[in-house]
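This short report covers a sheet and the helices beside it. The structure comes first, then the details.

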Amino acid sequence: LITGPESNLRDGVSSLIDVWRADVHSKRVSELRYSFRALRQYLKEHRPDLVLNIAKPYPLGVAVVLLGRWYDVPSLLRITGDFLNEASIYESTLGRMRRYITHNLILSHIYQLASRVVAIGPNLAKGLVQAGFPETKVDAIYQPFDPGKFSPVSEHEKLRLKGELGLDPSRKMVLFVGRFTWNK
């Protein structure tokens, strides 16, 4: 795992994996420049069998794909969400155009250079193939969700559960699990 010079990984996690701290200083670790510098530094010092991103297809996946090709190391790109439809969430025409150009034209072509692509969910995998990704390079990983464990409950049971949790029974509640961002 490549991290920044200052990382808040818990000791329990870092004892399970090899952690390599990049000697790259940046105002924002999440920026593209940081991703390229850190991975390039690692690839110059090590010869891994594979490079992959575990988060953020942009910018981390871009660095993995392009530098993997540059250093002749296979790359595995992990894509989450529905990046091909990002443009549809913007109200302004300019915002939709910028997202379409970025995601569907630029990033899509870069991502197709990956040795393999892992899509989170079968719908995303199917969408990637329809967008021109070679079917032989795209694999789907299914979300680990068992809908059988969840079922609708009666209004009486809802009130009981809200009371048990100390919530106001008269208020509507929304449960969200995931990354809570403006886009979502």
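The model is predicted. Its open sheet has 4 strands in the order β3-β4-β5-β6, with parallel pairing. Strands β3 and β6 (138-141) form the edges, and each pairs on one side only.

Strand β3 (residues 51-52) pairs with β4 in the parallel sense over 2 bridges. Here V51 stands opposite S75 in β4. Strand β5 (residues 116-120) runs parallel to β6, and 4 bridges join them. In that pair, V117 stands opposite V138 of β6.

## Helix α3 on the sheet

Helix α3 packs on the sheet and touches β3 and β4. The direction of α3 makes about 160 degrees with that of β4.

Strand β4 (residues 75-79) has two faces. S75, L77 and I79 lie on the covered face. L76 and R78 lie on the uncovered one.

## Helix α2 against helix α3

How do the axes of α2 and α3 cross? Helix α2 (residues 32-45) and helix α3 (residues 57-70) have axes that come within 8 Å and cross at roughly 40 degrees. The two helices are therefore oblique to each other. Their crossing is right-handed.

On the α2 side, the contact uses L32, S35, F36, L39, R40 and L43. They meet Y58, P59, L60, V62, A63, V64, L66 and L67 in α3. By class, this contact has 12 nonpolar, 1 polar and 1 charged residues.

How values were computed. Residues numbered from 1 in each chain as written. Predicted model: local features only at pLDDT ≥ 70, side-chain atom pairs only at ≥ 80, totals over all residues. Heavy atoms only, no water. Axes fitted to C-alpha atoms, helices over the stretch in contact; angles between N-to-C directions. Parallel < 35°, antiparallel > 145°, perpendicular 65-115°, else oblique. Left-handed = near helix turned anticlockwise from the far one by under 90°. Contact = heavy atoms within 4.5 Å. Nonpolar A, V, L, I, M, F, W, Y, C, P; charged D, E, K, R; others polar. Buried < 20%, exposed > 50% of the residue type's maximum accessible area, 1.4 Å probe, protein only. Pairing = 2+ DSSP bridges.
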